[in-house]
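Please look at the sequence and the structure before reading on.

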Amino acid sequence: MKLAVMAGAALLAVLASSEAHAEFTVCNQTLDVVNLAVGQKVDNADQTDGWWTIGANQCVNVIREEMTNRYIYVYATDVFGHAILTGSTEMCIERRRFSIRGIDECWQRGHIAAHFLEVDTLEQVRWTFFLTGSNP
């Protein structure tokens, strides 16, 4: 009986610890496959990372560690590379997988400038952004 109680407590601890993980999830509610890039502050510097490919009606955890930023920036394209979100924050991207520190002078540094949409997570530890056909 003690073993069953200890196993149950261990399982509960694992479940509780998995629920404590913060994350930023993007759900693609369009009928198309999208490619996603994300911008955030990392070690007090702006950083952009990409790409995540998200199928129609699929979700992907794009930030899996503790969320420490209130604002997360997202940029999405269709499979042809056309932007499908309209944002006002200019950040840097690349055509292939990337991780870029800094958002200034994208062109001068050999990157592509793109307009990311600012997402206010309201300082929550978990946030899900739903990409729909009607995003601003």
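Glutamate 123 sits in the loop between strand 8 and strand 9; strands here are DSSP runs of E with at least two residues, numbered from the N terminus. The model is a predicted one, in which local features need pLDDT of at least 70 and side-chain atom pairs count only at pLDDT 80 or more, while totals for chains, interfaces and linings use all residues. Residues are numbered from 1 along each chain as its sequence is written, and side-chain values use heavy atoms, with hydrogens and water left out.

**Backbone**

Glutamate 123 is not a glycine, yet its phi is positive, at about 60 degrees. Leucine 122 lies in the loop between strand 8 (112–120) and strand 9 (126–131). The phi of leucine 122 is also positive, near 55 degrees. Most residues other than glycine have a negative phi, and most peptide bonds are trans.

Glutamate 123 counts as exposed because its relative accessibility is 62%. Leucine 122, at 47%, counts as partly exposed.

The peptide bond between glycine 50 and tryptophan 51 is cis, with omega at about 10 degrees.

**Aromatic rings**

Tryptophan 51 also takes part in a ring contact. Rings of Phe, Tyr and Trp (its six-membered ring) pair if their centres lie within 6.5 Å; planes under 30 degrees apart count as stacked, over 60 as edge-to-face and the rest as tilted. How many aromatic pairs does a search of the whole structure find? There are three, including the two in the table.

| Pair | Centre distance | Plane angle | Type |
|---|---|---|---|
| Tryptophan 51 and phenylalanine 98 | 5.6 Å | 80 degrees | edge-to-face |
| Tyrosine 75 and phenylalanine 116 | 5.4 Å | 35 degrees | tilted |

The pair of tryptophan 51 in strand 3 and phenylalanine 98 in strand 7 (residues 98–101) links distant parts of the chain, 47 residues apart. Both tryptophan 51 and phenylalanine 98 are buried.

Tyrosine 75 is in strand 5 (residues 71–77) and phenylalanine 116 in strand 8, so their pair ties together parts that are 41 residues apart in sequence. Tyrosine 75 and phenylalanine 116 are both buried. Together, Trp51, Tyr75, Phe98 and Phe116 make up one aromatic cluster.

Definitions and conventions
Helices (H or I, at least four residues) and strands (E, at least two) are DSSP runs, numbered from the N terminus. Buried means under 20% relative accessible area, exposed over 50%, partly exposed in between (1.4 Å probe, protein chains only).
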